[in-house]
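Biologist: I am new to this structure and would like to learn how to read it, step by step. Could you take me through a few of its features?

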Amino acid sequence: MQNQDISRREFLVNSSLAAAGFALLSGSAFGAPAYIKNLGKPNSLFNGVQIGAITYSWRSMPSSAEQILQYCIDCNISAIELMGPAGEAFAGAPTAPEWPSAAPGANGQRPELTPEQKAAREEYTKKLAEWRAKVSMDNFVQLRKMYNDAGVSIYGFKPSALGTKNTDAEVDYAFRAAKALGANQATVELPTDPAQTKRLGEIAAKNKIYVGYHGHLQQTFDAWDVALGQSKYNAMNFDMGHYVAAGFDPLVFIPAKHEHIVSMHTKDRKNKANGGQNVPWGEGDTPIVAALELMRKNKYKFPATIELEYDIPAGSDAVKETAKCVEYARKALKA
């Protein structure tokens with residue numbers, strides 16, 4: 001009987017492996033899911049709409065490249081906009097000195113750096129610029145492979161290399177690194193100076209990688225128009241939550257501007273009349289469900305990027321809250 005039990009178990013195991021192998025080869029099998037090749041990997045592509053997350057959402061947690069990958073797996077995120085520090089640390093960037101918190105104090109003012117801290121920051125900024133100008137892309141390719149092997153793609157990269165004080169070599173690096181990571185965009189806050197968007201657009205065009213300009217409460221219907229007219233690689237990293245808090249309707253904006261949107265930050269905020277607060281999904285005035293349905297209906301290919309900005313409830317953490325947002329989106333996009 002013992003030998004028969006062992007033989008039965010071996011038969012069941014071998015049969016399961018054979019069925020899985022058939023599914024891997026053919027893409028489907030009778031009674032087996034066609035996506036078995038991705039079994040155990042995250043999948044936040046729901047009915048053609050890619051739900052992603054910006055890794056800024058996990059800023060309250062340790063954030064090495066390896067830890068961020070685990071967060072993606074834990075909350076079923078299969079595509080991300082990667083903030084610069086984790087990617088650059090993985091690639092061997094100089095370690096930043098310890099800075100005092102940049103958060104405003106009780107008086108509402110940000111703490112002043114001491115002369116020694118200012119000198120250390122200037123020295124670090126110089127060393128980082130030199131590293132960016134010379135670094136090989138090999139480690140960024142390795143990072144891309146590590147993520148892809150786990151079922152996660154990187155569609156956006158947001159290093160602190162696209163500002164007015166950054167050199168052209170640093171700007172060029174940002175786009176080269178984005179490409180090595182598999183991204184089609186490097187993202188940055190929307191500049192107020194047209195000369196800067198012209199500079200970024202020209203270097204982006206050389207690399208054939210988009211600049212996704214992100215907006216906050218300064219977003220208006222035509223806020224990006226100057227930049228869009230300067231280069232076909234100038235594009236939008238639209239934030240519909242901020243747009244609602246500024247007093248506007250994203251359901252008008254999205255269909256009108258969709259050709260220029262390369263990614264869309266998705267959060268729930270109260271509208272301007274109601275105070276503009278960031279709130280858990282479903283509690284604010286941002287039409288998240290309607291916007292996702294619009295993306296599905298019109299087959300828009302830009303990702304909807306979860307940006308977790310509401311206060312994390314006691315007993316929870318940023319990964320658990322991001323997972324709630326993913327599930328909210330999944331239910332909204334169910335056929």
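Biologist: Of the 335 residues of the protein, what percentage count as buried?

Modeller: Please keep in mind that this is a predicted model. Of its 335 residues, 43% count as buried, and the secondary structure comes to twelve helices and eleven strands. Among contacts between residues at least 6 apart in sequence, 72% join residues at least 24 apart.

Biologist: How should I read a pair of packed helices, and at what angle do the axes of α4 and α6 cross?

Modeller: Two packed helices are described by the angle between their axes and by the distance between those axes. Here the axes of helix α4, residues 115-134, and helix α6, residues 168-181, cross at roughly 55 degrees and come within 8 Å. The two helices are therefore oblique to each other, and the crossing of α4 and α6 is left-handed.

Biologist: Which residues of α4 and α6 meet?

Modeller: On the α4 side they are A129, W131, R132 and A133, and these meet A169, E170, Y173 and R176 in α6. Sorted by class, this contact of α4 with α6 has five nonpolar residues, three charged residues and no polar ones.

Biologist: Is the crossing of α11 and α12 left-handed or right-handed?

Modeller: The crossing in which α11 passes α12 is right-handed. The axes of helix α11, residues 288-298, and helix α12, residues 318-332, come within 9 Å and cross at roughly 55 degrees, and α11 and α12 are therefore oblique to each other. From α11 the contact is made by I288, V289, L292, E293 and R296, while α12 contributes Y328, A329 and A332. By class, the contact of α11 with α12 has six nonpolar residues and two charged residues, with no polar ones.

Biologist: Are C72 and C75 buried or exposed?

Modeller: C72 counts as buried because its relative accessibility is 0%, and C75, at 2% relative accessibility, counts as buried too.

Note on methods. Residues are numbered from 1 along each chain as its sequence is written. This is a predicted model: local features need pLDDT of at least 70, side-chain atom pairs count only at pLDDT 80 or more; totals for chains, interfaces and linings use all residues. Side-chain values use heavy atoms; hydrogens and water are left out. Axes are lines fitted to C-alpha atoms, for helices over the stretch in contact, and angles run from 0 to 180 degrees between N-to-C directions. Helices (H or I, at least four residues) and strands (E, at least two) are DSSP runs, numbered from the N terminus. Angles under 35 degrees count as roughly parallel, over 145 as roughly antiparallel, 65 to 115 as roughly perpendicular and the rest as oblique. A crossing is left-handed if the near helix is turned anticlockwise from the far one by less than a right angle, and right-handed if clockwise. Contact means heavy atoms within 4.5 Å. Ala, Val, Leu, Ile, Met, Phe, Trp, Tyr, Cys and Pro count as nonpolar, Asp, Glu, Lys and Arg as charged, and the others, Gly among them, as polar. Buried means under 20% relative accessible area, exposed over 50%, partly exposed in between (1.4 Å probe, protein chains only).
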